[in-house]
Amino acid sequence: MTGAAGRTVWLASYPKSGNTWVRAVVTALGTHPHLFGVDHLVSGAQPQHVGSALGAYGLDPRWLSGDELDALRDALCRRMGAGGPGDPPVLRKTHERYRPGPPGREPFPAAATRAAILVVRDPRDVASSFAPFFGVTLEEAVAVMGRDGGEPEPNAALAQSASPWGTWSTHAQSWLADDVPFPVHLVRYEDLQADAAGTLLPVFEAIGLPCTADTLAAAVEQARFDRLQESETARGFKETSPRTRRFFRCGRSGGWRDELAPAQATAIEDAHADAMRLLGYLPADDPLHLPAALGIRVGSGPVPAALADAVRPRPWIQATPTAALLRFRGGAGLLVEDGTDVTVDAGSGQADQVGWMVQGWGVTLAMLQRGLLSLHASTVVVGGHVLAIAGDRGAGKSTTSMALRARGHRLLCDDVTVVEFRDGGAWTTPFWRNVHLLEDAAAAVGVDFASLPALGAGRVKSAFRAEDPADVPQRLERIVVLAPDDDESVRVEHPAGAARLATLVAHTSRDGVAPVVLGQERYFAQVAHLADLVPITVVHRPRSGWSLDAVLDSIEADARAPGSEGVPR
Amino acid sequence: MPGPALDRESATWTGSFPDLGTVEVTADGEISCRPDRADGAAALRHGWAGLLSWAHRGFALANSASLSRGDRGLLVTGEPDDVAATLLGLSRQRFLVVSDRPAPTRWVDGTLVAHPRQAPILVPRRRAEQAGVAGTPVRAGSTAIAVDLPRRLEPVQVAAIAHVVRQRPDEEALDELAGARRFERAATLMLRGALAPAATADPDPGAVFDEHLRLAALPSVVIRMEGRDDAQAADRLADWWQSTVERAT
């Protein structure tokens, strides 16, 4: 990095990412509270607007060619950013992607630039905000965010130079590239929401914006979102799009989960996976990744051949009160200790197998060691009701869950549902993990099996990454047990009394591991408590033949039926 | 420096823009242009030297277009595309163009007078095509074209100011301004800096405030376009003009 000599600090962001919020804080820093309002925000002079050439040079830019507009923009930027390190910064908003230019035609002249602040926001939330602001559908918003080009070209008649946004990904990546010749400070919208003053203070100090922790805290308070909304209501906001009533809409993070259809979220994740991982909006592309909220530490290395003092040891699993050892085909092994530490011995396995072992078995065993119940079940929200789709190995949990997702329901977590009892209910906190699909199941739900990474461990499955779940606890309202049998049609059953306990015991314990780790008495107490709290539906389906649609219809109808609010029938 | 440069310090103002050319403007408004390329001649003359000439002769340049109907003038401000649409619309309502933006003006005995500027009237090509008006591209590849609209060739007393903006949901299509809002709009009407009148390049605050007050005394309206293709916006402005200016006089 060189340069950084001028006064300009580019406040760069893709549209609807928090740029205006930061400007509001900067404005509040320099404005008496009684005079503060969104109708007078600073730093709004975007570089592509070259109409100021009339005042600067007496020149009407509408007469210029595209190349001359570029030169004029460069000159205006230099003029506005002229100064030395001791001068206060001049912040300027831009939605453009960074790009270099030849001398005299630099879109962001390095000699006039001190730094840039890149504000990024989860693109799924950007899409939710982008659509109403620009008056387009969510589908169109998702498409625009993934399309390079189509943004404003040079337009002499409007006194504008080119102002390409790029895609959501290329926008962020352009500003974070190594060849940007000035410092770029990255600010995440989500971090601003968590602690705006703490996030901005080091950035403002770095760019030389006069403030202290106290003055910045006061400015952040002044620019609180609800106050910006009030100000917009009272005095209007000239930057509001003509297509929307409000600029300051809701300003929350994670709202996309309620607003985007699963397919829309997936389209964004597929289109922007690399940048989302880079910025922390998707789990790192690391098969050992687990969310920090789970509190599980993963390491790799050899694991013992056996556990001393194991209770009722079996060839493939051994457990003590604080440790569990699993052995897989191919020599792989997994040691889980104290509910927190997972050691993986991959043996001859591949990296994706390691992810499968940790995400499935590692989490299950760790939660059991903590005294929690871990169901062999996927968590799906159907019609607003949180269901666990349980069943034995091969019962079709993943296929059913993915098919429900394809119908517009939300898949929160595949194959593992960790249950915690509190507040008179059973609660589950979903976490990210790949969905494992057989080839015919992938085809049935419209997923290209061949394009997915193969899953090892002796089973011909592929790993499909669904959308990230919200890592907030969900109250479990129903357990749906998938039960392949010899019937010729799909049949729904609601077991009662002891039959409920038997159903759970028979269909929810992952290969009988839970009683080994928890101990028989504790395990049965937990399952009995769960059976007492949560209604159970058994969906019998023909073992042979294809009955997926009927199974889905039954689950949807059952979720809508009275008694789906978590009260056992 | 590869960008434009302007020197207003000498009696003869000089401007240069590498690859476009240079301009000179004498104190009595005479201009000379030396384009680097043939297609830059009109840009230098109409887009630069001509404007400096008005300023050098002591005219104040409003950041607006000026029109007239009858013996009264109207200034129209706004984004370039919106002002162009309004010019095209008002020309169908018997308005004559006095000047495309910026508009030369001068105070005469407390009255603001708009002066005709003969430079071509520029509008976005798409806007002209939509209005069925033929035009000539000003530069190769430019989105701006010069159109031929009915003109007024004599100065005219300014009787009102219109500000054209885009309408947002729940906003009125026409909003007559009063009080502080009228003053706020008036305070940003005149161009400063390079196009400030030569004699008042650095006016004292009292004089500036006095000018704002005089501008704010003129009837002023915000016309909101419902989308960029709202052809009725100019009609609403013409109706307002008729009721506010023509009936009153």
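Q: Hi! Over how many bridges do strands β14 and β15 of chain A pair?
A: β14 (residues 417–422) and β15 of chain A pair over four bridges, in the antiparallel sense. Strands pair if DSSP finds at least two bridges between them. Strands are DSSP runs of E, at least two residues, and helices are runs of H or I, at least four residues, numbered from the N terminus.

Q: Where does this model come from, and how are things numbered?
A: Residues count from 1 along each chain as its sequence is written, while chains are lettered from A and ligands numbered from 1 in the order in which they are written. The model is predicted, so local features need pLDDT of at least 70 and side-chain atom pairs count only at pLDDT 80 or more, though totals for chains, interfaces and linings use all residues.

Q: Back to that hairpin. Which residue takes a positive phi?
A: Asp423(A), with a phi near 50°; the hairpin has two residues between its strands. Arg422(A) stands opposite Gly425(A) in β15(A).

Q: What else does β15(A) pair with?
A: β19 (residues 474–475) of chain A, antiparallel, over two bridges. There, Trp427(A) stands opposite Arg475(A).

Q: New topic: what's the strand order in the six-stranded sheet of chain A?
A: β13-β11-β12-β20-β22-β21, an open sheet with mixed pairing. β13 (410–413) and β21 (491–493) of chain A are at the edges with a single partner strand each, so one side of each lacks a neighbour in the sheet.

Q: Now helices. At what angle do α7 and α8 of chain A cross?
A: Roughly 130°, and their axes come within 10 Å. That makes α7(A) oblique to α8(A). Axes are lines fitted to C-alpha atoms, for helices over the stretch in contact, and angles run from 0 to 180 degrees between N-to-C directions. Under 35 degrees is roughly parallel, over 145 roughly antiparallel, 65 to 115 roughly perpendicular, and the rest oblique.

Q: Which residues make the contact?
A: Among them are Leu200(A) and Phe204(A) of α7(A), and Leu216(A) and Val220(A) of α8(A). Contact means C-beta atoms, placed from the backbone, within 7 Å.

Q: Last one: how many residues of α2(B) are buried?
A: Twelve of its twelve residues. Gly89(B) is one of them.

Conventions. A residue is buried if 20 or more other C-beta atoms lie within 10 Å of its own, exposed if 12 or fewer, and partly exposed in between; C-beta atoms are placed from the backbone. Two residues are in contact if their C-beta atoms, placed from the backbone, lie within 7 Å.
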